[in-house]
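Please read the points in order, with the model in view.

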Amino acid sequence: MTSTPITKKNHPMKIYRIQLGVFFLLAALLNFSCKPNSTDSELATTGSFILQESELPDYENDLDHQGLLNALGDRYDESIRTGEHIYNNVCFNCHGNSDQLGSIPTAFKFWEDTFNLGKDPYSIYQVLTRGYGSMPPQVHLTPVEKYDIINYLREC
Ligand code: HEC
């Protein structure tokens, strides 16, 4: 009886691995072929907030924004320092500054771009809280921290 000896080349495990490889390739292609749709929807949401007001924590819809802004005056220097610290640690990575560009080329360039939404504190607060276009919402920041960053950005 002649049977093909199992060599390294035709070893069943090898065929299995090739099948597995083909499967992953197809899966990757399928996933890839779905990408244009998601890019479309990303494009469609560019220029809009990511989180709806109803998706925000309750305290966000109940804030006294004017009160928070007025309170900055009492701790002005500390607020600027905190804002700078957070900008460098959180925002800089994507946004960069005029000397060193950030990692995301489309991220807003504070030193030369024109705000889509507005440069007033409340508009920037909305960007940070709800996310905007391709910028994710900064859910880890407290309202005071957000106004500290805004204070810093408006000073520099
Ligand atoms: C993960 C990357 C990333 C991080 C982190 C990030 N941003 Fe952004 N930001 C972007 C991108 C990308 C855009 C452009 C959004 C668009 O127009 O689609 C943007 C846009 C903005 C805008 C412009 C909105 C307008 O009116 O045009 C502001 C203001 C802003 N970011 C502030 C901040 C601040 C402050 C921080 C730090 C707390 C921060 N971002 C953190 C990526 C980021």
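**Note on helix packing, core and ligand shell**

1. Helix H4 (residues 76-95) packs against H6 at an angle of about 95 degrees, and their axes lie 7 Å apart. Helices here are DSSP runs of H or I with at least four residues, numbered from the N terminus. Axes are lines fitted to C-alpha atoms over the stretch in contact, with angles from 0 to 180 degrees between N-to-C directions. H4 is therefore roughly perpendicular to H6, a term covering 65 to 115 degrees.

2. The model is predicted: local features need pLDDT of at least 70, side-chain atom pairs count only at pLDDT 80 or more, and totals for chains, interfaces and linings use all residues. Residues are numbered from 1 along each chain as its sequence is written.

3. Among the H4 residues that meet H6 are Ile 80, Ile 86 and Tyr 87, and the H6 residues that they and others in H4 meet include Ile 149 and Tyr 152. Contact requires C-beta atoms, placed from the backbone, within 7 Å.

4. The largest nonpolar core has nine residues, including Val 127, Tyr 132, Ile 149 and Tyr 152. Such a core joins buried Ala, Val, Leu, Ile, Met, Phe, Trp, Tyr and Cys residues through C-beta atoms within 7 Å; buried means 20 or more other C-beta atoms within 10 Å of the residue's own. Helix H5 (121-130) and helix H6 (143-155) each supply at least two residues of this core.

5. The ligand is surrounded by 23 residues, the closest being Cys 91, Cys 94, Asn 116, Gly 133 and Met 135; the criterion is a C-beta atom, placed from the backbone, within 6 Å. H4 gives the largest share of this shell, five residues.

Definitions and conventions:
Buried ≥ 20, exposed ≤ 12 C-beta atoms within 10 Å, placed from the backbone. Parallel < 35°, antiparallel > 145°, perpendicular 65-115°, else oblique. Contact = placed C-beta atoms within 7 Å.
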